[in-house]
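Colleague: I would like a close look at a single part of this protein. Please take me through one residue and what surrounds it.

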Amino acid sequence: FWRDGFKDGPLPQPYGRFDVVAAKLGRLKAWFYTKSAHYNADEEVFHDPPLLFDTILDPKESHPLDPAKYSNEIEMILKMVDDHKATVDWQRPLTIARDPSFLPCFDPKTNCRSDSSGLVEIQR
């Protein structure tokens with residue numbers, strides 16, 4: 001599961017940095033970063049080892065599993081994430097530019113979550 005909005009990164013806020021925050025292996029889900037909600041002002045929390053949940057027995061993900069009992073699975077998930085990240089072509093997202101067909105909504109009165117500051121105008 002990819003997410004943006006990290007406090008550090010090459011992109012203007014609220015985008016920050018894109019990263020993998022969670023990954024699944026079968027019924028197990030590992031959370032590497034958590035936060036109260038997307039784009040909230042609080043900072044993300046990094047988990048090492050990741051928070052691990054059985055999504056079948058605990059669909060609300062409210063009772064983390066003991067990472068010591070699942071060290072092999074955590075190791076497999078970490079390797080899968082590293083392998084996946086190695087295949088990503090890291091480029092600036094196309095939707096950051098001010099092309100009206102890609103511009104996210106922005107309206108502080110309606111609490112729209114997109115911020116238009118720092119976006120680049122497209123030269124036509």
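Modeller: Start with a cut-off: a residue counts as buried when its relative accessible area is under 20%, and as exposed when that area is over 50%. Anything in between is partly exposed. Keep in mind that this is a predicted model. Its mean pLDDT is 77, and 57% of the residues reach 70 or more. Over residues 118-124 the pLDDT falls below 50, though this stretch has 16 contacts in the model beyond near neighbours in sequence.

Now take Asp54. It sits in strand β5, which covers residues 45-54. Its relative accessible area is 11%, so Asp54 is buried. What does Asp54 touch, leaving aside residues up to four places away in sequence? The list is Arg27, Leu28, Pro59 and Leu65. The side chain of Asp54 also reaches the backbone nitrogen of Ile56, at 2.9 Å.

Side chains of opposite charge can pair when their charged atoms come close. Arg27 and Asp54 form a salt bridge, and their closest N and O atoms are 3.0 Å apart. Arg27 lies in the loop between β3 and β4, while Asp54 is in strand β5, so the pair ties together parts 27 residues apart in sequence.

Another one joins Glu61 to Lys29, with the closest N and O atoms 3.3 Å apart. This pair also links distant parts of the chain: Glu61 is in the loop between β5 and α1, Lys29 is in strand β4, and they are 32 residues apart. Lys29 is buried, with a relative accessible area of 10%.

Lys79 and Asp83 meet in a salt bridge too, at 2.8 Å from N to O. Both lie in helix α1, 4 residues apart, which is about one turn of the helix. Asp83 has a relative accessible area of 39%, so it is partly exposed.

Helix α1 runs over residues 71-86. Its buried residues are Ile74, Ile77 and Val81. They cover an arc of only 65° around the axis, so they are on the same side of α1. These buried residues pack against β2, β3, β4 and β5. On the other side of α1, Asn72, Glu75, Lys79, Asp82 and Ala86 are exposed.

Terms used. Residues numbered from 1 in each chain as written. Predicted model: local features only at pLDDT ≥ 70, side-chain atom pairs only at ≥ 80, totals over all residues. Heavy atoms only, no water. Helix = DSSP H or I, 4+ residues; strand = E, 2+ residues; numbered from the N terminus. Buried < 20%, exposed > 50% of the residue type's maximum accessible area, 1.4 Å probe, protein only. Polar contact = N/O pair within 3.5 Å; in protein donor to acceptor, adjacent residues only side chain to side chain. Contact = heavy atoms within 4.5 Å. Expected span 1.5 Å × (residues − 1). Arc of directions from axis to C-beta. pLDDT = per-residue confidence, 0-100. Salt bridge = Lys/Arg side-chain N within 4 Å of Asp/Glu carboxyl O.
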